[in-house]
Amino acid sequence: MEGRLLLKNCAVFRADGRVRNGMAVVVEGNTIRRVAPDAQVPVLPGDWEVACRGRLVAPGLVDCHSHLVNGQLLPPTGPFLLLSPAERLERMLRVARLLTDEDVEALTRFAAARALRSGVTLVVEHLSCQDVAGGLAAQARAAENLGLRLVTSHSTHSLEGAAQADAWLQANADFVRERREHPLVRGALGFHASYTCDHALLTRVARLSRELDAPTVFHLAESEDDLTITYARHNQRVVPRLDALGLLNPRAIAAYARTLDSAEAVRLQNSSAFVALAPRGVRTLERGADPMEAVLSRMHLVGLGTGGHGSLQEELLAALVGVLRIARAGRLPDVDGSLAHLLINGPAELCTRLFGLPSGNVEEGSIADLVVYDAVPPADPETGYSPHLLGQMSRAPVAWTVVDGRVRVREGQLLGLDFVELASAATDALHRVWTRARLGS
């Protein structure tokens, strides 16, 4: 795209619930260069003018932990959700072994398209497949083609022996090295969870993370199985074990955190690890207590992830239920502020950590990851406060999605790509995988 991207006559989002109406946003390269009253920003020759007509412009959403591919392999039907965590894991790993690179690319392309159309500009991915080098490369091609910002890793474990785990980890590390400076797609080191990984594997992950200065992506205390198996084998709970191995630090992106106590939440806070919550999963996958109170009351580095199922808008609704319950008990006074932090502020800090660029605000100097929503928000004329602004965002269709300064979705449609064709290719990939699964059973 030549020239500037110019968003005219828009309502600019602020995380404190206020909006600035009648504004213009100027994007040059991958950066927001100017935010000013609309009348002060003329359209210049070569500009791509977007007539927002009062619509809301907000920072792009971040899916802080996802399974773009594996979440499609076994949809969360009632019978699947009623299986024990061990049975679900066995099925997921068995089907993941059957993925080819072609399958991974087709499924990633469709999931990336779906994410962009829902206003997601960055996904932190946790892939499980047999060919790690080929799978991660396929995801990189898909993300680059769609224009999605992606940080991807492999869900390495020790369940198939030390040699296999070493091979997976080495391939993952090679991908991290290759993608260190890529503007859109980066690598992270991944492992599945404490209860599926032996000491030797986790020690190597921690060492490589330090050497490469690479983020790590993993499931933290994801279920009672994780907690009880870890304790039975290592005489430690999950958080103390991973902390002792050097895996809880500012490079860590820890997902779920479903079985934490208060002391472990403090330990996580002190480590500066980032925690990706999936509140909807707590209510559908596990019997345990909701961990949101322990995490939200102590941690600043926290955000929402989908776990590969549903949308961030659905996760926000589930978070609202949890936050209201805590607030009614008098232990969390700022409901709206907590939700804004989960959806916007915490994920913005994660994006800045991963890509080194200011994020999460529609302000001059910030990275141009933006969404225009089909919503014209009402606001108090004196204060600019717009009631339930996050709710307005979650209900509104996405009109435009801009990633790294480039338009990826225009008036609800992918730019230069056919969503139905991508969906059809993903369906063909699922048919191939499910056929192999039946033949191998």
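Visitor: In which sense do β17 and strand β18 (residues 413-414) pair, and over how many bridges?

Guide: Strands of a sheet pair through backbone hydrogen bonds, either parallel or antiparallel. In this predicted model, β17 and β18 pair in the antiparallel sense over two bridges, and Val409 stands opposite Leu414 in β18. Strands (E, at least two residues) and helices (H or I, at least four) are DSSP runs, numbered from the N terminus, and two strands pair if DSSP finds at least two bridges between them. Residues are numbered from 1 along each chain as its sequence is written. As the model is predicted, local features need pLDDT of at least 70, side-chain atom pairs count only at pLDDT 80 or more, and totals for chains, interfaces and linings use all residues, while side-chain values use heavy atoms, with hydrogens and water left out.

Visitor: Which residue takes a positive phi in the hairpin of β17 and β18, and which in the hairpin of β16 and β17?

Guide: In the hairpin of β17 and β18, with two residues between the strands, Glu411 has a positive phi near 50°. The hairpin of β16 and β17 also has two residues between the strands, and there Asp404 has a positive phi near 55°. Strand β16 (residues 398-403) and strand β17 (residues 406-410) run antiparallel, joined by three bridges, with Val403 opposite Arg406.

Visitor: In what order do the five strands of the open sheet stand, and which are at the edges?

Guide: The order is β10-β11-β12-β13-β14, with parallel pairing. β10 (189-193) and β14 (302-304) each have a single partner strand, so one side of each is left without a neighbour in the sheet. The twist averages 25° from one strand to the next; axes are lines fitted to C-alpha atoms, for helices over the stretch in contact, and angles run from 0 to 180 degrees between N-to-C directions. Helix α7 (residues 199-212) packs on this sheet, touching β10 and β11 (216-220), and its direction makes about 155° with that of β10. Contact means heavy atoms within 4.5 Å. Strand β13 (residues 274-277) is joined to β14 by three bridges, and Val275 has Val302 as its bridge partner.

Visitor: What is the order of the four-strand open sheet?

Guide: Its strands follow the order β6-β7-β8-β9, and the pairing is parallel. The edge strands, β6 (61-66) and β9 (185-187), each pair on one side only. Here the twist averages 15° from one strand to the next.

Visitor: How does one describe the packing of α4 against α5?

Guide: Two packed helices are described by the angle between their axes and the distance between the axes. The axes of α4 and helix α5 (residues 132-146) come within 8 Å and cross at roughly 35°. Among the residues of α4 that meet α5 are Val104, Thr108 and Leu116, and those they face in α5 include Gly134, Ala138 and Leu146.

Visitor: How many residues does the largest nonpolar core have?

Guide: In soluble globular proteins, nonpolar side chains tend to be buried together. The largest nonpolar core has 106 residues, and Leu220, Leu343 and Leu390 are among those with the most contacts inside it. A nonpolar core is a set of buried Ala, Val, Leu, Ile, Met, Phe, Trp, Tyr and Cys residues joined through side-chain atoms within 4.5 Å; buried means under 20% relative accessible area, exposed over 50%, partly exposed in between (1.4 Å probe, protein chains only). Helix α4 (residues 101-117) gives the most to this core, with nine residues.
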